[in-house]
Structure formats: C-alpha cells, structure tokens
Amino acid sequence: MGLRRSRTLAVCLAWALSLAALPAFAGAQAEEQLAPSVVAGLARSIADNPVPGDYAYRTNIVPWVAEMSRRLASKFADERERREFLATVHYEATRAGLDPQLVLGVIHHESGFKKYAISTASARGYMQVMPFWARQIGSTDHNLFNLRTNLRYGCVILRHYLDMERGDYYRALGRYNGSLGRPEYPSAVMGAALRFRLDSSAPAILQTGASP
C-alpha cells in the first residue's frame, strides 16, 4: 500500500507541476482571411471619432467613473490619467455595443492595466491587440499603445467576434484570447466583469454569459 500510495502521489505531483508550467490563458488571436465586406465594415468601425471632451462629466457617466476610479486607484496613481482611461473605456465599449464592465474584465486579464504591455505573441497595450489588425482593417501607422487607438481596436475586434459567434460571449472571448474551446479565460473575464459592477444587480449578460 505504501509503494502504491507513493506512486499515486508522484503522479499527482507531476500532473500539478505540468499545469503550473502552462500559461493561465494560453493563446493568441489567429489572423484570418476576412471577406472584403467585413474588412470594410471593421475599417469604418475604427474610423477616428474621439471621446467628447465632456464625456466623463456627463450626468449618467459621473457615478460610474467615480466608483471605477476609486477601485483602480492602485493601477493608476494619477487621478486625471485614471479618469481619462475610464472615460475612454466607457465611451469605446458603449460605442461598440459592449458592457464597460466586460471591457474592464478583458483589460484586467489581458494586460493587468499596463499601457505598454507586450505579450509573447506581440499583442500590445491594454487590450492586447495583435499588430496584424492594424494592417488588415486600419493603418500600420496606428499606434496600438495609444489609449484611444488600443481601446477602439480592442472593442471593435471583440464586437466582431461576438457577432461572428451570434452573441455567444464565451466563444467570442475565447476567440479574442486565442483559446477558443477552453473555459478558463472567458470564465475569468466574466468573473472580473461581475466584480467591477457597481452594485449587486448585474446585467443578464454578466450573470450568464448569454447574449442580451
């Protein structure tokens, strides 16, 4: 029994170590051949349209920005930078038809709120946008480390995947992360999105991952 138990423990330990060696959410967005009509639509979606200067001070936005600013104080020491970031997140998410909390969840797991993050697959910025997207639907001159550019691309790409998956948030998030078919990343993002909610009531999308 002692020998059998030792072998069992050894197998379990080896299995645990093999899991520990793997990235938590391994994968990278795959470059796919897009139909010309899709390219044209995505290009229109990323066309420049800056955040209105007063956006963060609009009545319906102020409570959200204030609360999220408090929660992200450890990520952004400068309050002005924090508010600009949050106003841009809210604007770009809403513009793309996404929940701002969902976008915060993506940023949390993709870059840890690091503006200049670069992955091993060369994804860049807050939302870890792959450079091939600039070539496909924008311009190679676009700076993916720029706050608004990065969030514009990231939100448009996630919206594209969501439309492709007919509202299935888990599959869309899997595509975004390059880990389609694995539950870890979409589950973690949805969990983070729930934690970022303002109160105990969350939209159905964040509670179930289903389309609204």
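Leaving aside neighbours within four places in sequence, proline 100 is in contact with Trp64, Val89, His90, Ala93 and Thr94, where contact means heavy atoms within 4.5 Å. This is a predicted model, in which local features need pLDDT of at least 70, side-chain atom pairs count only at pLDDT 80 or more, and totals for chains, interfaces and linings use all residues. Residues are numbered from 1 along each chain as its sequence is written, and side-chain values use heavy atoms, with hydrogens and water left out.

Let's stay with proline 100 for a moment. Proline 100 lies in helix H5. Proline 100 counts as buried because its relative accessibility is 12%; buried means under 20% relative accessible area, exposed over 50%, and partly exposed in between, with a 1.4 Å probe and protein chains only. Cysteine 155 is 55 residues from proline 100 in sequence, and the two are 9.8 Å apart in space, C-alpha to C-alpha.

Now for the whole chain. Its secondary structure comes to 10 helices and 0 strands. Helices (H or I, at least four residues) and strands (E, at least two) are DSSP runs, numbered from the N terminus. Of the 212 residues in the chain, 42% are buried. Among contacts between residues at least 6 apart in sequence, 62% join residues at least 24 apart.

Next comes the nonpolar core, a set of buried Ala, Val, Leu, Ile, Met, Phe, Trp, Tyr and Cys residues joined through side-chain atoms within 4.5 Å. The largest one has 52 residues, and those touching the most other members are Phe85, Leu104, Ile107, Met127, Trp133, Tyr153 and Tyr176. Several helices supply at least two residues each, including H2 (36-46), H4 (79-95) and H9 (184-195). Helix H7 gives the most to this core, with 9 residues. Leucine 104 touches Trp64, Met68, Leu72, Phe85, Leu86, Val89, Phe113 and Phe196, not counting residues up to four places away in sequence.

Rings of Phe, Tyr and Trp (its six-membered ring) pair if their centres lie within 6.5 Å; planes under 30 degrees apart count as stacked, over 60 as edge-to-face and the rest as tilted. The whole structure holds 10 aromatic pairs, and here are two of them.

| Pair | Centre to centre | Angle between planes | Type |
|---|---|---|---|
| Tyrosine 55 and tyrosine 91 | 5.2 Å | 80° | edge-to-face |
| Phenylalanine 113 and phenylalanine 196 | 6.2 Å | 75° | edge-to-face |

The tyrosine pair links distant parts of the chain, with tyrosine 55 in the loop between H2 and H3 and tyrosine 91 in helix H4, 36 residues apart. Tyrosine 55 counts as buried because its relative accessibility is 7%, and tyrosine 91 is buried with a relative accessible area of 13%. The phenylalanine pair also links distant parts of the chain: phenylalanine 113 is in the loop between H5 and H6, and phenylalanine 196 in the loop between H9 and helix H10 (204-208), 83 residues apart. Both of these phenylalanines are buried. Ring pairs link Phe76, Phe85, Phe113, Tyr126 and Phe196 into a cluster.

Finally, the residues of the lining of the largest pocket divide into 9 nonpolar, 3 polar and 6 charged. Here Ala, Val, Leu, Ile, Met, Phe, Trp, Tyr, Cys and Pro count as nonpolar, Asp, Glu, Lys and Arg as charged, and the others, Gly among them, as polar.
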